Amino acid sequence: MSERTLRIAFIGAGAANFGGGEGPWDHASRLERIPGLQVVGIADPDLARAEKRLSERAGPMWAGTRAFADFREMLDAEKPDAVWIAVPPYAHGTAEPGKDLEVECARRGIHMLIEKPLGGTRPETVRPVADAIAASGVITSVGYMFRYCRAVEKMKAILAETPGGGRVFVGQYDCAYSRIVKPEWWDVRAMGGPIVEQATHFVDLARHLLGDADPASVRAVAIPGACAMGLLSDIPLRPDVRRMGADVPLKYRHPRATAAVWMFESGAVASLTHATLLHREKYDTRLEVWGDGLRVELEDPYGATRLRVRRPGTEAAEDVPLGPDDPYLAENEAFVAAVRTGDASGIRSPYVDAFRTFELTWAIADAARIVA
């Protein structure tokens, strides 16, 4: 496979695969920078959207690409080597017909890069998908792009060279909600809630930096969307001029804030606070790892990333130089290389590992009682 052009396809014609929305993701544009790829199909239930995405692309990589409304039809007609799955959480991640994207790809021996989260339902519903993938032997990568971030690589190196003492993970994630116009985002039945769908990146980084957690140790509280403290002043309007989430039953409304603590198997501890409180578009995100004499702080990993470290024996903090970085490109390069060679050692978040992050996010959601 290493000597021939790889046949690739997209399941989902939305922002994660093709850009737009509220973030810097855009797999298609990154893949245009990797040689030896041929896009054979784009599948989306909204066929017009898939066709529009195709009309916006040009170049040899897109020659002969077809749009499909049914992903199964695309898989059977085009027989891609690998697919990029980026659909809403409620539309994948189970063995239920129509939502069994991963199972159908695994059955056909098709490698997958899958956007997080693994689904919008509970881990016991997603586990059969994990089992099917493991049995198939296909290569998988889940879209935890921060694992490929230069700043995170440097954090891991600093932790490795500073042994001893306690370890503490502190994560803070405040989402700007004013421009989020996806109705399903405000409904935990569709997306799993903000910890499962959004703060999952920080939960995953906690595991990546400090190892596996003990789910039984999780404790959490939340501000529900259906209480006086949960009232928000800048929720965007729906086409019918009602606010997003206004038609969602009270117990399923998107919680406004969650605070959680837990312990790692190593004995290290963590705290995570996620909120949906900022206006307009810019998020405020940061995380820290503390150790004996050590404090490493990562600020704004989604934007103007800054890494600072205070080392043992000193009182002054220093900025760590980072240079240009595109973890989305690095993530795609690692997956493509794995598919070409059959060596998946460069993939930092295979499905089996991402499933443990998924379980931990649900443990937090359950502990906070934000999902019925």
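This report walks through a predicted model, from the whole chain down to a few single residues.

Residues are numbered from 1 along each chain as its sequence is written, and side-chain values use heavy atoms, with hydrogens and water left out. Since the model is predicted, local features need pLDDT of at least 70 and side-chain atom pairs count only at pLDDT 80 or more, while totals for chains, interfaces and linings use all residues.

**The whole chain**

The chain's secondary structure comes to 12 helices and 14 strands; helices (H or I, at least four residues) and strands (E, at least two) are DSSP runs numbered from the N terminus. Its radius of gyration is 21 Å, close to the 21 Å that the globule rule gives for 372 residues, so the chain is as compact as a globular protein of that length. That radius is taken over C-alpha atoms, and the rule is 2.2 Å times the number of residues to the power 0.38. Along its principal axes, the C-alpha trace spans about 60 × 50 × 35 Å.

Of the 372 residues, 52% count as buried. Here buried means under 20% relative accessible area, exposed means over 50%, and partly exposed is in between (1.4 Å probe, protein chains only). As for contacts (heavy atoms within 4.5 Å), residues 24 or more positions apart account for 75% of those with a separation of 6 or more.

Take helix α7, residues 150-160: its buried residues are Ala 151, Val 152, Met 155, Ile 158 and Leu 159. They cover an arc of only 120° around the axis, which puts them on the same side of α7. The arc is that of the directions from the helix axis to the C-beta atoms. An α-helix has 3.6 residues a turn, so residues three or four places apart point the same way.

Helix α3 (residues 47-55) has Ala 50, Arg 53 and Leu 54 as its buried residues. Their arc is only 100° around the axis, which puts them on the same side of α3. On the face turned away from that buried side sit the exposed residues Ala 48, Lys 52 and Ser 55. The packing partners of the buried residues of α3 are α1 (15-18), β2 (37-43) and β3 (66-68).

About 200 Å³ of space lies in the second largest pocket. Of the 17 residues lining this pocket, the closest to its centre are Pro 301, Gly 303, Thr 305, Asp 325 and Pro 327. A pocket, on a 1 Å grid over the protein atoms alone, is an open set of points where a 1.4 Å probe fits, with protein on both sides within 12 Å along at least five of seven lines; lining residues have an atom within 4 Å of a point. Both α7 and α11 (327-341) supply at least two residues each to the lining.

**Exposed loop residues**

| Residue | Loop between | Relative accessibility |
|---|---|---|
| Pro 324 | β14 (318-319) and α11 | 72% |
| Val 241 | β8 (213-223) and β9 (257-264) | 59% |
| Arg 280 | β10 (269-278) and β11 | 56% |

Pro 324 and Arg 150 are 174 residues apart in sequence, but 8.8 Å apart in space, C-alpha to C-alpha. Most residues other than glycine have a negative phi, and most peptide bonds are trans. Val 241, not a glycine, has a positive phi of about 75°, and Arg 280 has a positive phi of about 65°. The peptide bond from Lys 116 to Pro 117 is cis, with omega near -10°.

Notes
Points joined across faces, edges and corners; volume = space filled by probe spheres on them.
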